[in-house]
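Please keep the model open while reading.

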Amino acid sequence: MKKLISGLLIATFLTFNIFPTDKFDRIADKTCKKITGQELVVSAEDTGLSTGEKVILGTAGAAVVGYGAYKLYKHFKNDKYDKIADKAYEKIVNKN
């Protein structure tokens with residue numbers, strides 16, 4: 001499971017541009033400022049994470065939380081002391 005989550009995170013970082021300001025944005029900003037004398041106007045939709053990035057990060061986060069919840073459930077469900085107590089009880093009840 002750890003390998004799957006690591007693979008998803010690596011694929012996310014390599015596939016999607018998480019940081020919205022990259023070198024092409026800076027080049028466009030400089031070019032626009034030199035030509036027009038004004039800053040490049042960017043709409044609110046262009047900043048932040050894209051929908052694909054949000055879906056990938058949300059899926060990876062849900063996988064991590066789900067895996068942690070599963071481990072906690074498995075830990076508390078399969079308590080070795082409860083099993084020992086159950087076996088001792090069975091032996092005592094079956095003897096009488």
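## Burial and overall make-up

A residue counts as buried when its relative accessible area is under 20%, as exposed when that area is over 50%, and as partly exposed in between. By this cut-off, buried residues make up 7% of the 96 residues in the protein. The model is predicted.

The protein holds 4 helices and 0 strands. Along the sequence, the pattern reads α-α-α-α.

## Helix 3

Helix 3 covers residues 51-77. The helix has 27 residues. From its first C-alpha to its last it reaches 38 Å.

Which residues of helix 3 are buried? They are Glu-53, Ala-60 and Ala-63. Val-64 also sits in helix 3. Its relative accessible area is 42%, so Val-64 is classed as partly exposed. In sequence, Val-64 lies 63 residues from Met-1. In space, the C-alpha atoms of Val-64 and Met-1 are 8.9 Å apart.

## The nonpolar patch

Met-1 also belongs to a nonpolar surface patch, together with Leu-4 and Leu-8. The patch has an area of about 260 Å². Leu-4 is part of helix 1, which runs over residues 2-15. Is Leu-4 buried or exposed? Leu-4 counts as exposed because its relative accessibility is 52%, and the cut-off for exposed is over 50%.

## Helix 4 and the positive patch

Helix 4 spans residues 80-95. Its 16 residues should span 22 Å at 1.5 Å a residue. The end C-alpha atoms of helix 4 are 23 Å apart, so the span agrees with expectation. How many of the 16 residues in helix 4 are buried? The count is 0, and the helix is hardly covered.

A positive surface patch is built from Lys-77, Lys-83, Lys-87, Lys-91 and Lys-95. Helix 4 gives the largest share of this patch, with 4 residues. Lys-77 has its place in helix 3. What is the relative accessible area of Lys-77? The value is 52%, so Lys-77 is exposed.

## Summary

One is nonpolar and includes Leu-4. The other is positive and includes Lys-77. Helix 3 has buried residues, Ala-60 among them, whereas helix 4 has 0.

Conventions:
Residues are numbered from 1 along each chain as its sequence is written. This is a predicted model: local features need pLDDT of at least 70, side-chain atom pairs count only at pLDDT 80 or more; totals for chains, interfaces and linings use all residues. Side-chain values use heavy atoms; hydrogens and water are left out. Patches are made of residues with over 30% relative accessible area and no salt bridge: like charges are joined within 9 Å, nonpolar side chains (Val, Leu, Ile, Met, Phe, Trp, Tyr) within 5 Å. Accessible areas come from the Shrake-Rupley method with a 1.4 Å probe; for residues, only the protein chains shown count as cover. A salt bridge is a side-chain nitrogen of Lys or Arg within 4 Å of a carboxyl oxygen of Asp or Glu. Lys and Arg count as positive and Asp and Glu as negative; His and the chain ends are not counted. The place of a charge is taken as NZ of Lys, CZ of Arg, CG of Asp or CD of Glu. Helices (H or I, at least four residues) and strands (E, at least two) are DSSP runs, numbered from the N terminus. Buried means under 20% relative accessible area, exposed over 50%, partly exposed in between (1.4 Å probe, protein chains only). The expected span of a helix is 1.5 Å times one less than its number of residues.
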